[in-house]
Amino acid sequence: MQHALTLLPKDYSLLLYDGYRPFQVQQYLFSHFSKQLARIMPYATEQELLQATKKYVALPSVDAAHLAPHLTGGAIDITLADRQGKALDLGTAFDEMNEKSATRYFEHNPKENPEACQHRRLLYNCMTRVGFSNYAEEWWHYDFHNVAWARRVQAKTACYGAIQVTILDHEIKEIRYQ
């Protein structure tokens, strides 16, 4: 990520929202987003709700074939900021669940928010130039050497597997790498 910073114009910086998540946090977020979507989509079937939720938060899984990216430490949620660390306008809030959150939304609707379009381009270009891949449904989500990254760049293997953490009384007691 340090290299990505060097590619930005001098008035910009990066603001990291999220990185590694323990399995329990991934479970909570999946449940939380699912409940939010259920309120937004009251007539959705259980399957439709599951698919909508999976669009914005990975299903909590440590199975290598369907590993949630944030469980590896190889996924980050990030935005563009000014030099003081204040998040800039990228068109939606971080973790907003709608079509405007798609990375290329403003590419297809440039007159709607030209500043957000420019900021997304800048973020995308600096991150992908240093090897990250972007999850197309979320302008803020980038992967590096995990399973999601490997699928997008068609790499034969991923370097990062699941990190399993034992948490007791809100403290990390043990870390195991797969």
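**Salt bridges, a pocket and a surface patch**

Asp143 is buried, with a relative accessible area of 0%. Buried means under 20% relative accessible area, exposed means over 50%, and partly exposed lies in between (1.4 Å probe, protein chains only). The model is predicted, so local features need a pLDDT of at least 70 and side-chain atom pairs count only at pLDDT 80 or more, while totals for chains, interfaces and linings use all residues. Residues are numbered from 1 along each chain as its sequence is written, and side-chain values use heavy atoms, with hydrogens and water left out.

Asp143 forms a salt bridge with Arg152, and the closest N and O atoms of the two are 2.7 Å apart. The term salt bridge stands for a side-chain nitrogen of Lys or Arg within 4 Å of a carboxyl oxygen of Asp or Glu.

The structure holds 6 salt bridges. Another one joins the side chains of Arg21 and Asp18, at 2.7 Å from N to O. Here Arg21 is buried at 6% relative accessible area, and Asp18 also counts as buried, at 18%. Both belong to a network of salt bridges that links Asp18, Arg21 and Asp77.

Arg121 and Glu107 make a further salt bridge, with 2.8 Å between N and O. This pair links distant parts of the chain: Arg121 is in helix H5 (residues 114-129), Glu107 is in helix H4 (residues 105-108), and they are 14 residues apart. Helices (H or I, at least four residues) and strands (E, at least two) are DSSP runs, numbered from the N terminus. Arg121 counts as partly exposed because its relative accessibility is 42%, and Glu107 counts as partly exposed at 32%.

Helix H5 also holds Arg120. Arg120 is buried, since its relative accessible area is 4%. In sequence Arg120 and Ala81 are 39 residues apart, while in space their C-alpha atoms are 11 Å apart.

Next comes the region around helix H6. His145 is found in the loop between strand E4 (141-143) and H6. Its phi is near 60 degrees, a positive value in a residue other than glycine. Most residues other than glycine have a negative phi. With 21% relative accessibility, His145 counts as partly exposed.

Val153 has its place in helix H6, and at 40% relative accessibility Val153 counts as partly exposed. Val153 is 22 residues from Gly131 in sequence, and 9.4 Å from Gly131 in space, C-alpha to C-alpha. Gln154 lies in the loop between H6 and strand E5 (163-168). Phi of Gln154 is also positive, near 60 degrees, in a residue other than glycine. Gln154 is exposed because its relative accessible area is 72%.

Helix H6 leads on to the largest pocket. The volume of the largest pocket is about 520 Å³. The pocket is lined by 25 residues, and the closest to its centre are Lys54, Val57, Ala58, Leu59 and Pro69. Helix H2 (23-40), helix H3 (46-56) and helix H6 (147-153) are the elements that give two or more residues to this lining. A pocket is found on a 1 Å grid over the protein atoms alone, as an open set of points where a 1.4 Å probe fits, with protein on both sides within 12 Å along at least five of seven lines; lining residues have an atom within 4 Å of a point. The volume is the space filled by probe spheres set on the points, which are joined across faces, edges and corners. The lining residues divide into 12 nonpolar, 5 polar and 8 charged. In this count Ala, Val, Leu, Ile, Met, Phe, Trp, Tyr, Cys and Pro are nonpolar, Asp, Glu, Lys and Arg are charged, and the others, Gly among them, are polar.

Strand E6 (residues 171-177) gives the most to the nonpolar patch, with 3 residues. Ile172 is found in strand E6, and Ile172 is exposed, with a relative accessible area of 52%.
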